[in-house]
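Keep the sequence and the 3D view side by side as you read.

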Amino acid sequence: MAAHWTPRDEAELTAGWQLWLALGSCAWPGPGWDGTPAEAVRGLERCFTTCDEILAAYDRPDSAVAGLVRSMILAANWTLELWRDDADPLDSERAALLHADLAAFFDHAESVRTLLAAGGGWASLPL
């Protein structure tokens, strides 16, 4: 991942802001979580969709922000593929595995959010 991001123009700044906002709430299940892995990864599905929308609206595939968006898609993909159709209740072993997968995604998302905030000029906002 890049060590620094500076938006080239207003469109890239907007794309970065959209990604920053999307990553703020997608890693962990919400208060209405039903206890299944499939429901736990719904936030990642929303993130995946938002990333696709950002890439479709911001038509510069060689830009740094497009690379950050694609990194989020890659980070979410494995966890989504593994858990999205799993509606079985979690035992302690599967819960630990799901938590580890979500934590890995969260770590990547926080790194991207920090990079976006520094380059976009909104680093004073809480992560």
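Start with Glu12, which sits in helix H1, the stretch of residues 10-23. Remember throughout that this is a predicted model. Is Glu12 buried or exposed? Its relative accessibility is 1%, so Glu12 counts as buried, the cut-off being under 20%.

Now follow H1 to its partner H3. The axes of H1 and H3 come within 10 Å. They cross at roughly 175 degrees. An angle over 145 degrees counts as roughly antiparallel, and H1 and H3 are therefore roughly antiparallel to each other. On the H1 side, the contact is made by Ala15, Gln18, Leu19, Ala22 and Leu23. On the H3 side, Cys47, Thr50, Cys51 and Ile54 take part. What classes of residue make up this contact? There are 7 nonpolar and 2 polar residues, and no charged ones.

Cys47 is buried, with a relative accessible area of 2%. Its C-alpha atom is separated by 6.1 Å from that of Ala22. Along the chain, Cys47 and Ala22 are 25 residues apart. Set aside the neighbours of Cys47 within four places in sequence. Cys47 is then in contact with Leu23, Cys26 and Phe105.

Helix H3 covers residues 42-57, and helix H4 covers residues 64-83. Their axes lie 9 Å apart, at an angle of about 150 degrees. H3 and H4 are therefore roughly antiparallel to each other. Their crossing is left-handed. From H3, the contact draws on Leu44, Glu45, Phe48, Cys51, Asp52, Ile54 and Leu55. From H4, it draws on Ala66, Val69, Arg70, Met72, Ile73, Ala76, Asn77, Thr79 and Leu80. By class, the residues of this contact divide into 11 nonpolar, 2 polar and 3 charged.

Move on to Thr79, which is found in helix H4. How accessible is Thr79? Thr79 is buried, with a relative accessible area of 3%. Neighbours within four places in sequence are again set aside. That leaves Thr79 in contact with Val41, Leu44, Arg84, Asp101 and Leu102.

H4 also packs against helix H5, which spans residues 92-120. The axes of H4 and H5 come within 11 Å and cross at roughly 175 degrees. That makes H4 roughly antiparallel to H5. H4 contributes Val65, Leu68, Ser71, Met72, Ala75, Ala76, Trp78, Thr79, Leu82 and Trp83 to the contact. H5 contributes Arg94, Leu97, Leu98, Asp101, Leu102, Phe105, His108, Ala109, Val112, Leu115 and Leu116. In this contact, 16 residues are nonpolar, 3 are polar and 2 are charged.

Side chains of opposite charge can pair when their charged atoms come close. How many salt bridges does the whole structure hold? A search finds 8. One of them joins Glu39 to Arg42, with the closest N and O atoms 3.9 Å apart. A salt bridge here requires such atoms within 4 Å. Glu39 is partly exposed, at 32% relative accessible area. Arg42 also counts as partly exposed, at 27%.

Arg42 meets Glu45 in a salt bridge too, at 3.3 Å from N to O. Being 3 residues apart in helix H3, Arg42 and Glu45 are separated by about one helical turn. Glu45 is partly exposed, with a relative accessible area of 23%. These residues belong to a network of salt bridges that links Glu39, Arg42, Glu45, Glu81 and Arg84.

Finish with the pair Arg94 and Asp86. Their side chains meet in a salt bridge of 2.6 Å, N to O. Asp86 counts as buried, at 13%.

Note on methods:
Residues numbered from 1 in each chain as written. Predicted model: local features only at pLDDT ≥ 70, side-chain atom pairs only at ≥ 80, totals over all residues. Heavy atoms only, no water. Axes fitted to C-alpha atoms, helices over the stretch in contact; angles between N-to-C directions. Helix = DSSP H or I, 4+ residues; strand = E, 2+ residues; numbered from the N terminus. Parallel < 35°, antiparallel > 145°, perpendicular 65-115°, else oblique. Left-handed = near helix turned anticlockwise from the far one by under 90°. Contact = heavy atoms within 4.5 Å. Nonpolar A, V, L, I, M, F, W, Y, C, P; charged D, E, K, R; others polar. Buried < 20%, exposed > 50% of the residue type's maximum accessible area, 1.4 Å probe, protein only.
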